[in-house]
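Subject: The structure, and what turned up in it

Hi there,

Here is the structure I promised to pass on.

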Amino acid sequence: MGEFDQLYRELILDHYKNPRNHGVLEPSDAQAEGQNPLCGDEVTVSVRLGDGDVIEEVGFEGRGCAISQAATSMLTDLVKGRTAQDVAVMEKDELLEELGIPLTPVRLKCAILGLGVLKLALHKAKGTPLPDEWGTAARDLVLE
Amino acid sequence: MAVRADKKLDAHRLRADFPIFEQTFHGKPLAFLDSAASSQKPRQMLEEMTAFYETSYANVHRGVYALAERATEALELARTKVQTLLNAPSAREVIFVRNATEAINLVAYAWGLSNLKPGDLVVVSELEHHSNFVPWQYVAHRTGAGFRMISLDDHGELRLEELDTIAADGDVKVVATGVVSNSLGTVNPVEALSTWAHEHGAIMVADGAQSAPHVKMDVRALGCDFVAISAHKMCGPSGVGALWGKAELLERMEPFLTGGHMIRAVGDDATTWGDLPHKFEAGTAPMAEAVGFGAAIDYLNEIGFDAIEEHEHELAGYALGKLSELPWVTSYGPPADRRAGIVSFNVDGVHPHDVAQILDFDGVAIRAGHHCCQPLMRKLGVAATNRASFYLYTIPDEIDRLVEGLHKVRRTFG
């Protein structure tokens with residue numbers, strides 16, 4: 001497969017055109033939003049937690065490139081049934097393996113936007129660790 | 001703007017001057033449609049910089065040996081080339097800086113911090129690049145001055161009828177706009193804004209970063225007080241730009257950066273400042289870069305600004321015509337006869353990042369994003385746009401490849 005076919009393979013386009021778990025949950029137990037300042041991608045993620053802080057439902061909305069929106073859609077499928085604590089330390093590589101495409105550094109930021117926003121939501125609700133993907137930017141967001 | 005150049009420009013021939021076009025990207029020749037971000041570099045400019053390093057390099061101004069004098073002459077020759085380019089009254093008024101952003105910050109800090117106070121107004125436009133927006137917003141906040149924007153009409157042109165309403169809110173002290181918009185290609189009425197600014201006792205600051213590469217600039221005709229330009233957008237190297245300012249204003253201003261070279265005498269307790277332009281050139285100058293800047297100006301003069309402007313108008317018209325044939329493409333900004341060689345557009349339902357990425361696979365380089373114009377993006381109601389921008393080496397074939405690529409985008413996301 002060429003680079004083009006890989007990056008825009010069927011699975012990515014399917015998640016982009018038919019996002020899973022789409023829509024912000026009302027009410028929710030944790031919610032956050034974030035932006036990628038380089039390209040203006042935006043994602044809002046909200047979750048409902050059950051016993052033992054297990055993620056029972058997760059919903060997202062956003063606007064941005066296919067990579068950012070498809071990756072967030074895939075992420076919502078991945079994290080359901082896991083605890084907030086587990087997701088807070090989830091490695092980005094797990095999501096990137098799911099995406100299964102080679103990414104340049106710029107597009108990598110698109111791919112992990114939703115993961116960072118989800119970790120931020122959990123941090124705000126449960127005090128779990130901040131997303132290391134974002135460095136100090138995440139701390140600034142929390143302080144707002 | 002009906003420009004008729006004496007001699008037309010031959011972009012196919014000029015491309016041979018630019019080594020970058022000898023490469024392929026993803027196996028395709030490079031279609032470089034991002035010159036508004038930064039232009040490519042002609043061999044003539046690169047060779048002159050290399051020659052300076054190989055034959056004339058030493059630190060300027062203070063050395064008494066022959067080599068240092070030669071380097072100083074080269075730097076000062078570059079300064080006079082910028083002076084001539086801008087039709088500035090004096091080379092003393094030309095200050096070498098890192099880029100247009102630094103030039104604007106120089107004015108915002110060195111003039112703004114001392115002259116702005118609560119009740120004053122700083123007026124910019126909704127079109128501004130962040131480089132001519134954020135420094136003014138910041139200095140307005142620091143000094144307590146108000147900060148106002150001239151809004152845009154549906155063509156992306158300034159609503160000058162708002163000016164008097166804005167002036168009713170306070171004492172207008174600064175009017176700052178670009179000469180040409182980097183996002184839409186809009187050509188702003190700087191002469192009229194200068195007149196209006198001066199009627200209100202304000203200074204007029206023109207960001208020429210996007211106009212200097214493409215049209216003959218004349219600071220006396222523009223009537224402004226300061227002009228900022230960057231070499232890298234006009235075939236010169238990165239790392240150097242120029243601020244032109246009226247001597248009587250520059251002389252009354254505090255320094256911006258302090259340190260070596262900008263001083264007259266350094267006492268234990270206090271320091272006095274050097275003469276123009278040195279007062280604003282602390283530290284070792286970007287010497288080779290300034291020499292390259294001068295060489296780039298020579299290169300552009302050789303081609304002729306009228307020919308460059310006419311070529312870009314033709315390309316903008318060609319591109320807008322092609323894009324208008326695609327019902328799933330929205331383009332922004334004024335009609336081709338009132339804009340520079342910049343075209344911003346969106347493909348229905350496809351984020352600009354994806355558009356730019358798919359085009360890249362075919363060797364077509366465009367910019368996708370907010371173009372450092374977030375206020376404008378809010379106005380347009382979009383997060384980002386695609387932008388194709390043209391220069392003297394752009395050929396219609398590159399625009400055809402852009403359009404082919406957009407069809408591929410459409411097929412992928414259809």
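Which strands does helix H7 (residues 113–126) of chain A lie across? Helix H7 lies across S1, S2 and S3 of chain A, at about 145 degrees to S1(A). Helices (H or I, at least four residues) and strands (E, at least two) are DSSP runs, numbered from the N terminus. Axes are lines fitted to C-alpha atoms, for helices over the stretch in contact, and angles run from 0 to 180 degrees between N-to-C directions.

Before you read on: this is a predicted model, in which local features need pLDDT of at least 70 and side-chain atom pairs count only at pLDDT 80 or more, while totals for chains, interfaces and linings use all residues. Residues are numbered from 1 along each chain as its sequence is written, and chains are lettered from A and ligands numbered from 1 in the order in which they are written.

Chain A first. Eight helices and three strands make up its elements, in the order α-α-β-β-β-α-α-α-α-α-α from the N terminus. The strands form an open antiparallel sheet with the order S1-S2-S3. Strands S1 (30–36) and S3 (55–63) are at the edges with a single partner strand each, so one side of each has no neighbour in the sheet. Seven bridges join S1(A) to strand S2 (residues 41–49) of chain A; strands pair if DSSP finds at least two bridges between them. A:Glu33 stands opposite A:Thr44 in S2(A). Helix H3 (residues 66–79) of chain A also lies across S1, S2 and S3 of chain A, at about 175 degrees to S3(A).

Now chain B. An automatic or database assignment sets the domain bounds, dividing the chain into domain 1 (11–32 + 304–413) and domain 2 (47–301). Their centres, taken over C-alpha atoms, are 28 Å apart. Each domain gives 23 residues to the contact, where contact means C-beta atoms, placed from the backbone, within 7 Å.

The largest nonpolar core has 131 residues, and among them B:Val205, B:Phe226, B:Val227, B:Ala242 and B:Ala296 touch the most other members. Such a core is a set of buried Ala, Val, Leu, Ile, Met, Phe, Trp, Tyr and Cys residues joined through C-beta atoms within 7 Å, and buried means 20 or more other C-beta atoms within 10 Å of a residue's own. Helix H10 (residues 287–303) of chain B gives the most to this core, with eleven residues. Both domains of chain B give residues to this core, so it lies between them.

Best wishes

Technical notes: Buried ≥ 20, exposed ≤ 12 C-beta atoms within 10 Å, placed from the backbone. Contact = placed C-beta atoms within 7 Å.
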